Amino acid sequence: MKRFFVSCLMAGVVAAGIACAADTEQKAAEQKSPELQTDDEKTLYALGLAISSQLSTFKLTPAELDIVKAGLTDGTLKKPLKVELEAWGPKIRPMAEARQAAGAVEEKKKGKEFLDKIAANPKIKKTESGVLVETVTEGTGANPTAADKVKLNYKGTLIDGTVFDESSKHGGASTMSLATGIIKCFTDGIPLMKTGGKAKLYCPAETAYGDRANGQIPAGAALVFEIELLEVVK
């Protein structure tokens, strides 16, 4: 590797060489991407997706992902190991926690900038906890209380519009208690809606999942929910 760079410097083509190598690596990666034809192949690809969800906390760069792939390959195929798992395995959790904390700080910064713009709209309702409620369609029924059960349709997105969950994926409208088992954003925001209405809830991280990641939701992320309040369940 050292000789390669020295020769490139002497030839005066370092920049061109690097660009060419990067292009070659990218094309090779694209060529290696498998075509999924059988059920087994699709299931194995799904396995990769499942593993990737566990890696999201680490916010890996492409180069770091290659290192993880090398470890996965060596461990699975019983190749000679480059490090001892007993020695380096205990370092995995501290790395994950450190990267998650750093990611949460950045996410909160982006979330605050996003929410500040929404809050500038005088039509937006605001709660003491920081939840912002934008009425899309005014309902004609009663407001639920924070102690009620409600039936609703919902769609949850990140601030970039990425959908991470929606009631339609779970068979339709959901019934839930506003008093227990849900995020504070719902407990504080939904009582500001009238039954039959639609609204958007803008949730600071502190009223959603805080500094912990949750599936597709990064640590420290502000969230947006589109809510259709169907009824207060008695």
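**Briefing: backbone, surface, strands and salt bridges**

Lys59 is partly exposed, with 46% relative accessible area. The structure is a predicted model, and the protein chain has an average pLDDT of 87, with 86% of the residues scoring at least 70. Residues 1-31 have a pLDDT below 50, and this stretch makes three contacts in the model beyond near neighbours in sequence.

**Backbone angles**

- Most residues other than glycine have a negative phi.
- Lys59 has a positive phi of about 45° although it is not a glycine. Its place is the loop that runs between helix 3 (39-55) and helix 4 (62-76).
- Lys78 is another non-glycine residue with a positive phi, here about 55°. Lys78 sits in the loop between helix 4 and helix 5 (85-88).
- With a relative accessible area of 71%, Lys78 is exposed, because the cut-off for that class is over 50%.

**Nonpolar surface patch**

- A nonpolar patch on the surface is formed by Leu44, Leu47, Ile51 and Leu72. Together these residues have about 380 Å² of accessible area.
- Helix 3 supplies the largest share of the nonpolar patch, namely three residues.
- Leu47 is in helix 3 and counts as partly exposed, at 47% relative accessibility.

**Strand pairing around strand 7**

- Strand 7 (residues 223-233) pairs with strand 3 (residues 149-158) in the antiparallel sense, over 10 bridges. One of the bridge pairs joins Lys149 to Val233 in strand 7.
- Strand 7 also pairs with strand 6 (residues 198-203), again in the antiparallel sense, over six bridges. Here Leu201 has Phe225 in strand 7 as its bridge partner.

**Salt bridges**

- The structure holds seven salt bridges; among them are the pairs Glu64 with Arg99, Lys108 with Glu206 and Lys184 with Asp188.
- In the salt bridge between Glu64 and Arg99, the closest N and O atoms are 2.8 Å apart. Glu64 lies in helix 4 and Arg99 in helix 6 (residues 92-119), so this pair ties together parts that are 35 residues apart in sequence.
- Glu64 is partly exposed at 24% relative accessibility, and Arg99 is partly exposed with a relative accessible area of 24%.
- Lys108 forms a salt bridge with Glu206, with 3.8 Å between the closest N and O atoms. This pair links distant parts of the chain, 98 residues apart: Lys108 belongs to helix 6, and Glu206 to the loop between strand 6 and strand 7.
- Lys108 counts as partly exposed at 31% relative accessibility, whereas Glu206 is exposed, with a relative accessible area of 57%.
- Lys184 and Asp188 form a salt bridge in which the closest N and O atoms are 3.4 Å apart. Both residues lie in helix 7 (residues 184-189), four residues apart, or about one turn of the helix.
- Lys184 is partly exposed, with a relative accessibility of 44%.

Terms used. Residues numbered from 1 in each chain as written. Predicted model: local features only at pLDDT ≥ 70, side-chain atom pairs only at ≥ 80, totals over all residues. Heavy atoms only, no water. Helix = DSSP H or I, 4+ residues; strand = E, 2+ residues; numbered from the N terminus. Buried < 20%, exposed > 50% of the residue type's maximum accessible area, 1.4 Å probe, protein only. Patch = residues over 30% accessible without salt bridge, like charges linked within 9 Å, V, L, I, M, F, W, Y side chains within 5 Å. Areas by Shrake-Rupley, 256 points an atom, 1.4 Å probe, with all protein chains shown as cover. Salt bridge = Lys/Arg side-chain N within 4 Å of Asp/Glu carboxyl O. Pairing = 2+ DSSP bridges. pLDDT = per-residue confidence, 0-100. Contact = heavy atoms within 4.5 Å.
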